[in-house]
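Here is a short tour to read with the sequence and the model side by side. Take the headings in any order you like.

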Amino acid sequence: MQFDDGFIAVVKKDCPTCVLIEPVLKDIEGRGLPITIFFQDESDFLSTSKNIDDTSLEASYFLNIETVPSLIKIEKGEEAIRVVGWERSEWQEFFGEQELGMSLPHWKPGCGSLSVEEGVPERLAVEFGRVNFYSRKIKIPSLVDDIEYCYEQGWTDGLPVIPPTEERVLKMLNGSPRLPNELIGSVPPHSVNCTVVKVAINAVMAGCKPEYFPIVLAAVDAALDDRFCLGGLLATTWFSGPMVVVNGPIREAVDMNWSGNLLGQGNRANATIGRALQLVVRNVGGGHPKGTDQSTFGTPVKYGLCFAEDEKTPWTTLAEDQGIARDRSAVTVFSADGPLGCVDQNSRAPEGVVKSLAGSLRSINHVEMANASDAVILIGPEHGRVFDLAGWSKADAVSALHDNLFIDGADLGMTSDDALADDLISSKNKVPKFREEGLRLIRAGGDAGLFSAIIPGWLMKGELGTDPVTKEI
Amino acid sequence: MSSIVLDPTGELEPSFRQPLAKPNSLEGLTLGLLDISKAKGNVFLDRLETLFSEKGVVVRRYKKPTFARPAPTELLQDISTNVDVVIEGLAD
């Protein structure tokens, strides 16, 4: 949009300052200065002659008006000076005129421009073409319900999605400095290239707020890391889905839950971030249940599972263990089946809690199977206190768990790897239930309850399966 | 009022590839047996190798390092350039 050389004023009737300075605008016009008045709402308070209807807010948008009244001087087609609100001497200097508005107060601040009200900048950017990303636009027929349309296209996980309008997607993109057309990676199972904007579209659909978007992007980055083996995780007949754990200051910034009911319903960030990742897999990658996703039972985790860690404990955090400082934020993705509760209301010493946890851990997959999956263990606050009071670090707890998790070779009726089992049975007759890095302890949960939660996953075997992946946000 | 939404898909449907016509006979063809590293898959494929070899079919054996991941490119290229027909041992 081009503007002629001269003076521009942008006003709205709903602004008392604009109404106050109206006589000054009339005075300026009377002095023969070339002034054009753009009004954002109504013009009946204006007695000037060159008033332009800007109820579409197009001029306000292209002039980047944040406050009304705004005065702008255009010279050779470019903005030379800008003044906002009413300050008498500033206006006098701007117009190069003395004795302006002498009957008015010296100063009165302006009001917010209609063009910057909630949601309006995105609408204007879409309307006036300053959208710098690519995604195919689909027009929903006028009599069709938007949400039903999304269902019909196969874009949902069975729950309703928010229709991804351009305005909503633009708002989501504004939640991250990453460029919309940046390629993030290739999404299985169809190995489809995925851009930041495609993630934003699915984050909108999942119900994310823009401030969650950096977490969603980091989660997608992590899930597409080859070590995570997302394609295999999607396709397996086993239960698992991806689980996202968040560390660092961003947890509090976006109001995530790491306390009571953290694995359950009710917190928007927890509920939608993991869902956004799963919608990317579904919609971008083409991974559909009973299609490439061959899971025998599935798991509620496949709707999306995301939570944060309680970092107010003596233990190092999950992200710290991966070399990320506590004042930085990070996500870690795991494969996860769903939680198994472990109760121990008797032990007052860590050895007892370890024994209880080990007993429960022994049963995952099959009591006679070793080295098949890793497990994440959410240590609840009341169990955590037992470790803390005894001065046990996380490493102490992990080490004690491994010591309690050897299976007698003679009991190894089931194994995920014949050769490995044969080797282990013959070599030492005691088989570790988990690989060395296969137990990851996370502090979380509500204050009451001497419980912990065991979350096993799928085939965590490094290069032969999946590994958890941590990415800094 | 009709609304406009943005396509959440990759907008790139994988192209449908026409499978090769199935041969009426294995005479003169090389058969690949692909073990995807599922438990006992080798038992099944060993038996197939014996049976096909008895019938004079040329058999080549292949193995994926893990069933959890797609086959490495080198393995795919080897199979596609050296055999005419593949049998894959998929199940547990």
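## Where the two chains meet

Strands here are DSSP runs of E of at least two residues, helices are runs of H or I of at least four residues, and both are numbered from the N terminus. Two strands pair if DSSP finds at least two bridges between them.

The contact between the chains takes 33 residues from chain A and 19 residues from chain B. On the chain B side that touches chain A, there are 11 nonpolar, 5 polar and 3 charged residues. For these classes, Ala, Val, Leu, Ile, Met, Phe, Trp, Tyr, Cys and Pro count as nonpolar, Asp, Glu, Lys and Arg as charged, and the others, Gly among them, as polar. Two residues are in contact if their C-beta atoms, placed from the backbone, lie within 7 Å.

## How to read the model

This is a predicted model, in which local features need pLDDT of at least 70 and side-chain atom pairs count only at pLDDT 80 or more, while totals for chains, interfaces and linings use all residues. Residues are numbered from 1 along each chain as its sequence is written, and chains are lettered from A and ligands numbered from 1 in the order in which they are written.

## Chain A as a whole

Chain A has 16 helices and 22 strands. Its radius of gyration is 30 Å, well over the 23 Å that the globule rule gives for 473 residues, so chain A is more spread out than a compact globule. That radius is taken over C-alpha atoms, and the rule is 2.2 Å times the number of residues to the power 0.38. Along the principal axes, the C-alpha atoms of chain A fill a box of roughly 105 × 50 × 35 Å.

Of the 473 residues in chain A, 46% are buried. A residue is buried if 20 or more other C-beta atoms lie within 10 Å of its own, exposed if 12 or fewer, and partly exposed in between, with C-beta atoms placed from the backbone. Among contacts in chain A between residues at least 6 apart in sequence, 75% join residues at least 24 apart.

## Domains of chain A

Chain A is divided into domain 1 (6–127), domain 2 (131–311 + 323–330) and domain 3 (338–456); the bounds come from an automatic or database domain assignment. The centres of domain 2 and domain 3 of chain A, taken over C-alpha atoms, are separated by 30 Å. Their contact takes 15 residues from domain 2 and 9 residues from domain 3 of chain A. The domain 2 side of this contact has 9 nonpolar, 4 polar and 2 charged residues.

How many of the 12 residues of α8(A) are buried? The count is 10, so α8(A) is largely enclosed by the rest of the structure. Among the buried residues are A:F213, A:I215, A:V216 and A:L217. Helix α8 (residues 213–224) of chain A reaches 16 Å from its first C-alpha to its last, close to the 16 Å expected at 1.5 Å a residue; the expected span is 1.5 Å times one less than the number of residues.

The loop between α8 and α9 (230–235) of chain A holds A:C229. This residue has a positive phi of about 60° although it is not a glycine. A:C229 counts as buried, with 29 C-beta neighbours inside 10 Å.

Strands β11 (residues 183–187) and β12 (residues 192–195) of chain A pair in the antiparallel sense over 4 bridges. A:V187 has A:V192 in β12(A) as its bridge partner. The hairpin has 4 residues between the strands, and A:S191 takes a positive phi near 50°. A:P189 is in the loop between β11 and β12 of chain A, and a cis peptide bond with omega of about 5° joins A:P188 and A:P189.

## Details in domain 1

Another cis peptide bond joins A:V68 and A:P69, with omega about -5°. A:P69 lies in the loop between β4 (67–68) and β5 (70–75) of chain A.

A:F94 lies in helix α3 (residues 88–95) of chain A. Leaving aside neighbours within four places in sequence, A:F94 is in contact with A:L71, A:K73, A:I81 and A:V83.
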